[in-house]
Structure formats: C-alpha cells, structure tokens
Amino acid sequence: MSFLSASLSRVKPSPTIAVTTKAAELKAAGKDVIGLGAGEPDFDTPENIKDAAIAAIHAGKTKYTAPDGIAELKQAIVDKLHRDNGLEYTTRQVSVGTGGKQTLYNALMATLNPGDEVVIPAPYWVSYPDMVLLAGGEPVIAEATLESAFKLTPEQLEAAITPRTKWFIFNSPSNPTGAGYSRDELKGLTDVLMRHPHVWVMTDDMYEHLAYDGFEFCTPAQVEPRLYERTLTCNGVSKAYAMTGWRIGYAAGPEPLITAMRKIQSQSTSNPCSISQWAAVEALNGTQDFIAPNNEMFKRRRDLVVSMLSQIDGITCPVPEGAFYVYPSIAGLIGKTSPAGTVITDDEAFATALLEETGVAVVFGAAFGLSPNFRVSYATSDAALTEACTRIQNFCAGLT
Ligand SMILES: Cc1ncc(COP(=O)(O)O)c(C=O)c1O
C-alpha cells in the first residue's frame with residue numbers, strides 16, 4: 001500500500017515554480033540570470049493598503065475571523081461587484097479565501113465527484129487541471145490556438161461539453177496569454193452555455209483591472225444575466241493591488257455553493273489572515289488611482305517586449321489585451337540547434353537552452369497546455385526586459 005494518496009499521484013508539481021527554482025539555483029551559483037517567469041507585479045503594495053494593515057494590527061484585529069471572511073470585507077466585495085461589474089450579490093453569497101487559488105480550489109472540492117468533467121480552455125493557468133484532479137474530477141482540455149488569438153471559439157466549447165460536464169473554467173484576461181475576450185466573443189460562449197443548463201461557469205477574473213488599449217473587461221454573469229444562478233465569479237486583490245503575498249481572494253455565487261465552500265474552509269485553513277482582510281477592505285474601498293498609472297507602465301512594457309520579440313525570425317508574438325504576459329510561438333525555431341549544441345525539439349528544450357546558455361528564465365508552453373510557445377512575464381523593469389529580449393534575439397540569431 002502506498003503511503004502517499006492516490007489523488008496526489010494524479011498531480012504534477014507546478015512547472016512555473018520549477019522554473020523559478022532553477023533560475024534561483026543558477027543565480028546562487030553566480031550566473032547572471034534575468035527572471036521572466038514570475039506571475040506577480042514588481043510594484044510595492046500601495047501605502048494606503050499597508051497603513052490599513054498596520055492600523056488593524058494596532059487595533060487588535062489579530063484574532064480568528066469568520067471562516068470565509070469579515071463582514072466589512074464581504075460588504076466591500078458586494079460593493080465592488082456592483083460598481084465594477086453591475087452584479088448584485090448579498091454578503092451571504094460571498095466567500096473570502098487565502099488567495100484566489102484557495103477560493104477556486106474550495107469550489108472544486110465542494111462540487112466534484114469522481115468522473116465529473118471540467119472544461120478548461122488551453123492555454124490555461126497551470127493550476128486549473130491539477131486542482132480538478134486533486135478534487136477528484138477530470139479536466140477536459142479544449143485547445144484554443146494562435147489563429148484565434150488564444151481564445152476558445154463557441155464551436156470548440158460546444159464540442160468539449162458532455163453530459164458529465166460540471167464546470168466550464170473561464171479566465172480573461174488570461175494567464176498565460178494575456179488574451180481578453182470582448183463582450184461579443186464572450187457572448188458567443190455564454191450562448192453555448194445557455195444550451196447546456198447542467199454546466200456551471202467558474203470565471204477567474206483575477207486580471208480584470210490589467211487591461212490596455214481601451215479593452216472593456218466583462219464577466220459571464222454580466223454578459224448573460226440568465227447564467228447568474230450557475231456562475232461563480234472569482235477574483236482577488238493579488239494582481240491589481242500588488243498584494244500577492246497577502247493572500248486574499250474571493251468568490252461570489254449561489255448561496256448553497258458558498259455555504260459548501262465555507263464548510264471546507266472551516267475544516268482546513270479556518271480563515272484568511274485577519275490583517276490581510278483589513279488591508280483588502282482598503283484595497284477595494286480606497287482610492288483606485290494607482291491602477292491607471294501602473295497600467296500605463298505595463299502597457300509600455302508589453303509593447304517593448306512584443307516589438308523586440310517580433311523582430312526575431314521564427315517567433316510570432318501576438319499583442320495581448322491584458323494581464324502581464326505574452327505567449328510567443330516558436331514554431332519557426334523547432335529543429336534548429338543552439339550554439340551549445342542543444343536541438344530545439346520542443347518548447348521545453350528551448351526554455352532550458354535559453355536559461356542555460358543566456359541566463360533568461362521563461363516558462364515553456366507545454367506547462368500551459370499549448371506548444372510550441374513560451375510565456376514571458378513582463379512584470380519587471382524596462383532595463384531587465386530590454387536586456388532579456390536582446391539576449392533572446394542573440395540566442396535565436398545563433399540557432400542553426
Ligand atoms: C489566472 C490566475 N488565477 C488565480 C491566480 C491565483 O491568485 P492568488 O495569488 O490570489 O492565489 C493566479 C496567480 O498567478 C492566476 O494567474
């Protein structure tokens with residue numbers, strides 16, 4: 001009998017963490033490494049949010065809280081969903097978790113039975129399929145391609161749905177591609193869902209505020225109000241408010257589902273950090289003024305990276321609508337050989353050779369379910385991005 005659980009054997013370790021670890025090892029060994037793997041803003045948490053956390057400590061808000069969040073934060077979330085998304089929820093329909101990740105995981109744990117299928121568009125955030133597997137379900141991957149700008153078409157969604165489908169996971173703007181669905185594109189998908197009343201939607205709106213060139217963010221229950229009864233709208237403060245380490249995410253949806261998620265949380269992590277919750281109240285209720293200038297900076301960096309990578313023969317780099325990632329294709333480089341003699345058989349070989357031979361750390365596309373590509377996070381300084389893209393250009397020019 002194996003000591004480790006059977007469900008764990010279905011899961012692989014996070015490839016993004018593996019890349020970050022390898023880059024850190026090379027750095028520790030004295031190598032000049034530029035990391036383009038991190039999925040977090042390089043900005044500091046805004047001062048008003050930090051001050052709210054410090055005030056919470058001094059006010060003694062340091063005890064256990066209700067398992068799925070303090071009333072003040074739930075109200076701030078209700079207000080935010082009304083203000084930004086035109087969605088009406090009560091505080092009883094809101095669950096706060098330890099990061100967006102735990103909120104999604106709670107929802108899957110609360111609903112999946114063996115054999116239940118979850119439709120996940122690829123390229124996907126690395127954790128979706130493994131969270132589904134851990135919760136006992138079956139991920140069904142529906143592959144979006146470069147040709148459709150990495151967006152799932154209604155026909156592809158239709159083809160992926162079976163009588164066993166329980167959830168459709170939707171993420172826009174996307175990690176890892178940055179692709180954002182327009183209202184019409186999303187309506188195409190919600191029309192399909194209207195034909196399949198047994199399928200619920202888990203929408204991961206984590207990158208809502210990180211959108212450029214006037215992209216209008218929209219979320220499924222807003223585009224198709226009739227889906228409200230079977231939609232879990234998930235979001236968090238990690239990315240837009242530069243609060244990845246504070247670990248606060250949230251979800252809003254039908255009350256019985258929220259109650260089930262609370263049960264899981266009450267028997268696992270008890271509650272998200274009390275101090276972080278007070279910081280999140282300030283993030284949502286306080287000034288939003290820093291978002292626009294941060295986005296200006298992200299947009300400039302996106303344009304820099306897209307422009308430099310697009311100059312490379314063999315690389316195709318679409319311009320994404322949001323998040324802080326680009327997802328270039330290296331189809332034109334497959335089969336070539338690096339200066340150190342590595343044959344670029346696939347995107348993993350490309351990323352490994354790039355790291356070992358130039359010190360630039362990126363994440364290979366197979367980790368996100370679509371090859372041959374790689375993900376660049378441009379949430380780092382202009383100087384680092386320019387140097388990294390120059391190294392990628394030189395590396396690719398040296399391939400024979
Ligand atoms: C698409 C997406 N959803 C959820 C998360 C998790 O966010 P959190 O750090 O709040 O757990 C991430 C983080 O990388 C993400 O990219």
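This is a predicted model: local features need pLDDT of at least 70, side-chain atom pairs count only at pLDDT 80 or more; totals for chains, interfaces and linings use all residues.
**Entry 1: the largest pocket**

I started with the pockets. The largest pocket holds about 590 Å³ of space. I then looked up its lining, which has 26 residues. Closest to the pocket centre are Gly-39, Lys-101, Trp-125, Asn-175 and Lys-239.

Which helices each supply at least two residues of this lining? I found H2 (15–28), H5 (99–111) and H6 (127–134). I also sorted the lining by class. It has 11 polar, 9 nonpolar and 6 charged residues.

**Entry 2: the second largest pocket**

Next I turned to the second largest pocket, with about 250 Å³ of space. I noted 17 lining residues here. Thr-20, Gly-35, Leu-36, Gly-37 and Ala-38 are the ones closest to its centre.

Two or more lining residues come from H2 and from strand S1 (34–35). H2 gives the largest share, 5 residues. By class, I have 10 nonpolar, 5 polar and 2 charged residues in this lining.

**Entry 3: H3 against H11**

I moved on to helix packing. H3 covers residues 47–58 and H11 covers residues 274–285. Their axes come within 8 Å. The crossing angle is roughly 140°, so H3 is oblique to H11. The cut-off matters here, because only angles over 145 degrees count as roughly antiparallel. I logged the crossing as right-handed.

Which residues meet? On the H3 side I listed Asn-48, Ile-49, Ala-52, Ala-53, Ala-56 and Ile-57. On the H11 side they meet Ile-275, Trp-278, Ala-279, Glu-282 and Ala-283.

**Entry 4: H5 against H10**

H5 came up again, this time with H10 (residues 255–266). The two axes come within 9 Å and cross at roughly 105°. H5 is therefore roughly perpendicular to H10.

I listed the contact residues from both helices. H5 brings Gln-102, Thr-103, Asn-106, Ala-107, Met-109, Ala-110 and Thr-111. H10 brings Leu-257, Ala-260, Met-261, Ile-264 and Gln-265. How do the residues of this contact divide by class? I have 7 nonpolar, 5 polar and no charged residues.

**Entry 5: cross-check**

I went back over H5.

Notes. Residues are numbered from 1 along each chain as its sequence is written. Side-chain values use heavy atoms; hydrogens and water are left out. On a 1 Å grid over the protein atoms alone, a cavity is a set of points where a 1.4 Å probe fits but cannot get out, and a pocket is an open set with protein on both sides within 12 Å along at least five of seven lines; lining residues have an atom within 4 Å of a point. Grid points are joined across faces, edges and corners, and a volume is the space filled by probe spheres set on the points. Helices (H or I, at least four residues) and strands (E, at least two) are DSSP runs, numbered from the N terminus. Ala, Val, Leu, Ile, Met, Phe, Trp, Tyr, Cys and Pro count as nonpolar, Asp, Glu, Lys and Arg as charged, and the others, Gly among them, as polar. Axes are lines fitted to C-alpha atoms, for helices over the stretch in contact, and angles run from 0 to 180 degrees between N-to-C directions. Angles under 35 degrees count as roughly parallel, over 145 as roughly antiparallel, 65 to 115 as roughly perpendicular and the rest as oblique. A crossing is left-handed if the near helix is turned anticlockwise from the far one by less than a right angle, and right-handed if clockwise. Contact means heavy atoms within 4.5 Å.
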